[in-house]
Amino acid sequence: MKKRGWCIVLALSLLFSASAPVTAAPGTNDDPVVTRSYIEEIYLPSLMLKADAAINKQLNSLFAEILALLNGTALSVNEAALMRKIISRIEWKASSPQMVELKAGSRLTLKQGASVHLVSGSASHESGTLVDVTTGKDVASKAGLTVNHKVIGISGEADVKITTNAAVLVAGSVRFTPPYAAMYKDLCDALMTMRIINTYELERNTTRMEMFIIFVTVLGVKEAAYSHHTNHPFSDVAWGHEYVAYLYENGHTAGTGGGRFSPNDPGSVQQLCFIMLKALGYQDRVDIAYETAEADAVRLGLFSQREIDILTAEEFTRDAMMYMTYYSLFAHYKNSSERVIDRLIASGLVSAENAAKAYDSVKRERF
């Protein structure tokens with residue numbers, strides 16, 4: 001927004017308005033009507049500060065309305081998700097500190113020089129470079145912010161995640177991302193009814209470990225994997241040792257290098273497409289490839305291109321994993337009329353009664 005040019009035009013129009021007599025003397029160099037230094041050093045800066053304040057007042061008012069809308073019940077889940085994407089791309093500029101109340105799960109992206117002062121609640125430093133003005137020290141990545149300390153983004157962009165409902169003072173150029181609005185809770189409920197998964201946390205990023213547990217479930221060997229007691233070579237597995245040992249021994253994973261399995265690394269739509277296709281019996285480098293997993297999933301009928309486009313539009317959350325897991329149950333194994341859910345029921349891993357209850361609870365159409 002070219003406020004400076006607009007302010008100068010407005011200033012000149014005010015200075016030389018029609019209210020002044022047409023025949024008024026313009027003044028002389030020795031006795032000017034208005035000095036140039038007054039216009040440049042006092043009047044225009046003052047006018048621009050007032051313009052900044054007026055613009056920020058309107059932005060702050062609009063921002064408050066958006067927050068109220070997102071935190072209320074006026075929007076459907078899909079509308080809230082769309083609003084979240086739109087809002088996260090808008091840069092909000094506060095020339096003076098503004099108090100904002102944020103819900104847990106919100107994010108603030110600070111441009112260089114922007115600041116956040118945590119007044120109440122809790123927040124953490126997610127990425128970028130932040131300096132705590134109170135202590136004069138860098139804020140460590142993933143560290144919590146200290147209440148009543150102001151932090152400033154030093155270079156590029158820095159992300160702050162609101163971990164509980166919080167009140168913050170923000171100043172400078174900031175982008176706001178509202179909390180994640182779960183879209184597939186009904187599918188998660190259905191999967192829980194079938195006892196395929198046992199937790200929600202839909203807003204959280206999917207991890208590699210969680211994806212591989214879904215893999216052994218779709219493979220129909222979850223019970224066998226759980227009772228597996230051989231060893232694996234990975235040094236960074238804190239839980240699920242049995243699953244990882246089974247995956248390793250059966251050639252389903254070689255880890256991420258350096259003796260690591262990286263169980264907590266974020267997963268992706270591409271990764272889940274790949275392991276789902278492998279669970280359906282498709283062979284790596286014969287039928288499918290990791291590099292083309294999303295296209296392979298479309299070609300082999302696991303997901304549509306529209307589904308892939310929607311699922312890859314945002315971070316890969318557990319919510320998105322629920323969508324992919326639920327609809328993968330109705331996929332056919334390679335060269336077979338048997339579906340995943342048929343095999344799970346036949347093997348006793350899912351009861352027919354629970355499967356029927358789950359089907360009845362889902363009232364949506366696929367994308």
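1. Start with a helix pair. Helix 4 passes helix 11 in a left-handed crossing. The model is a predicted one. Helix 4 covers residues 185-193, and helix 11 covers residues 318-328. Their axes lie 9 Å apart, at an angle of about 55 degrees. That angle makes helix 4 oblique to helix 11.

2. Now the residues at this crossing. Helix 4 contributes Lys 185, Leu 187, Cys 188, Ala 190 and Leu 191. Helix 11 contributes Asp 319, Met 322, Tyr 323, Thr 325, Tyr 326 and Tyr 327. By type, the contact of helix 4 with helix 11 has eight nonpolar residues, one polar and two charged.

3. Helix 8 is next. It spans residues 269-279 and is mostly covered. Nine of its eleven residues are buried. They are Val 269, Gln 271, Leu 272, Cys 273, Phe 274, Ile 275, Met 276, Leu 277 and Ala 279.

4. What do the buried residues of helix 8 pack against? The partners are helix 5 (208-219), helix 9 (293-299), helix 10 (305-311) and helix 11.

5. Look at what follows helix 8. Gly 281 comes after the helix, and its phi is positive, near 100 degrees.

6. Is Ser 262 buried or exposed? Ser 262 is buried, because its relative accessible area is 9% and the cut-off for buried is under 20%. Leaving out residues up to four places away in sequence, Ser 262 touches Arg 208, Asp 236 and Thr 256.

Note on methods
Residues are numbered from 1 along each chain as its sequence is written. This is a predicted model: local features need pLDDT of at least 70, side-chain atom pairs count only at pLDDT 80 or more; totals for chains, interfaces and linings use all residues. Side-chain values use heavy atoms; hydrogens and water are left out. Axes are lines fitted to C-alpha atoms, for helices over the stretch in contact, and angles run from 0 to 180 degrees between N-to-C directions. Helices (H or I, at least four residues) and strands (E, at least two) are DSSP runs, numbered from the N terminus. Angles under 35 degrees count as roughly parallel, over 145 as roughly antiparallel, 65 to 115 as roughly perpendicular and the rest as oblique. A crossing is left-handed if the near helix is turned anticlockwise from the far one by less than a right angle, and right-handed if clockwise. Contact means heavy atoms within 4.5 Å. Ala, Val, Leu, Ile, Met, Phe, Trp, Tyr, Cys and Pro count as nonpolar, Asp, Glu, Lys and Arg as charged, and the others, Gly among them, as polar. Buried means under 20% relative accessible area, exposed over 50%, partly exposed in between (1.4 Å probe, protein chains only).
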